[in-house]
Amino acid sequence: MHVPDGFLDAPTSVGTGVVAAAAVGLALRGARRELDDRTAPLAGLVAAFVFATQMLNFPVAAGTTGHLMGGAIAAVLVGPWTGVLCTSVVFVVQALLFADGGITALGTNIVLMGVVTCAVGWGVFRLLQAVLPKRVSMVPLAAGIGAFVSVPAAALVFVGLYAVGGVAPLPLDNLTTAMLGVHLLIGVGEGVITFLAVGSIIAVRPDLVHGARRVLAQRTLEVRTSPTASAA
Amino acid sequence: MRRPGTRTVLLGVLVVSLLLAGVVSFYAASAPDGLTKVSQDQGFADTETDHAAGDGPFAGYGSSFISDERLSGGVAGVVGVLVVLALAGGLTLLVRRRGEPADQPVDQPADEPVDQDR
């Protein structure tokens, strides 16, 4: 969903640029709470993995394709703030080095595919964690569903931005239907890839997964207090 | 079952990323992505303007100095993975808390594996 130069007018692009800069600034502070000597090395590699998977377009319908956005996967693996930083780096490199996503649209792309997918992916993930059984095996499932929801959410935010500053006048209901339709399909791919990737790390080292921390901590707590807990 | 050490996992993620970007990307679907397709169908694709970095050596995920298509895309993918890793890795290493663990709701899991590979 890389937005090229020219789709949105200059004021809107400046606006998303300001929002993106503010989000990255907040993420720099927030990421400090998520990263320590043990978890920081994984963050750079998650960004590299997101870049790599974004090269892999998969067919979703006749004549169209999609690729991973990666906000949800990054948020669950290394934390939502760190996820915003990782995806932002990916979009900067893609715009400057690979001419993928406009340079004036860099703020737009960071907001849509970085901030929105991290926030929605992480938000849905945490909601599901609250209602699903508190088991490590539930982490990849919750991550996958969060990832699935994050893609149409980003598509809707694009429609909102287009309503504000789209260069060509368009009937918005047509745009909404078209964007939602194709991005629901792309979201399925996003969900599957996220489920598999998070599941792979969970299978070997669940302690390295940010989104599994609460579950692991709780599991340890249960073991230690089991004699009294069973009495109560 | 002995769990793999942190370095083994990190190396695994790196190798997978390099293989995906360097080799598998050649087989990726080439049809327009969701937004591009919508912009064509809805008639606003032509509002796209020229990209200021469109003449760069790796523009469009190819290497302009390599004629072989497979190698050109593969080199661009590997360069991208390494550049993203250097920037994001450097940034997160700078931002991290040094010498103290990040926020944890409760203490570390008891079965925390020690790094086997040194």
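# Reasoning about helices and buried residues

Modeller: In this predicted model, V76(A) lies in helix α3 of chain A.

Biologist: Why is V76(A) called buried?

Modeller: A residue counts as buried when its relative accessible area is under 20%. V76(A) has a relative accessibility of 1%, and therefore counts as buried.

Biologist: What does V76(A) touch, leaving out residues up to four places away in sequence?

Modeller: V76(A) touches W122(A), F125(A), V139(A), A143(A), V198(A), V209(A), H210(A) and G211(A). For V198(A), the separation along the chain is 122 residues, and the C-alpha atoms of V76(A) and V198(A) are 7.8 Å apart.

Biologist: Where is H67(A) found, and why is H67(A) described as buried or exposed?

Modeller: H67(A) is located in the loop between β2 (64–66) and α3 of chain A. Its relative accessible area is 6%; the limit for a buried residue is under 20%, so H67(A) is buried.

Biologist: Which residues are in contact with H67(A), once its neighbours within four places in sequence are set aside?

Modeller: The contacts of H67(A) are M1(A), H2(A), T53(A), Q54(A), L56(A), N57(A), F58(A), I186(A) and E190(A).

Biologist: Which residues make the contact between α3(A) and α4(A)?

Modeller: From α3(A) come G71(A), A74(A), A75(A) and V78(A), while α4(A) supplies P80(A), T82(A), G83(A) and T87(A).

Biologist: How do the residues of this contact divide into nonpolar, polar and charged?

Modeller: Four are nonpolar, four are polar and none is charged. Gly is counted among the polar residues in this division.

Biologist: Turning to chain B, how many helices and strands does chain B have?

Modeller: Chain B has three helices and zero strands, and its elements run α-α-α from the N terminus on.

Biologist: What percentage of the residues of chain B count as buried?

Modeller: Of its 118 residues, 35% count as buried. Chain B exposes about 6,800 Å², and carbon and sulfur atoms supply 59% of that area.

Notes
Residues numbered from 1 in each chain as written. Chains lettered and ligands numbered in written order. Predicted model: local features only at pLDDT ≥ 70, side-chain atom pairs only at ≥ 80, totals over all residues. Heavy atoms only, no water. Contact = heavy atoms within 4.5 Å. Helix = DSSP H or I, 4+ residues; strand = E, 2+ residues; numbered from the N terminus. Buried < 20%, exposed > 50% of the residue type's maximum accessible area, 1.4 Å probe, protein only. Areas by Shrake-Rupley, 256 points an atom, 1.4 Å probe, with all protein chains shown as cover.
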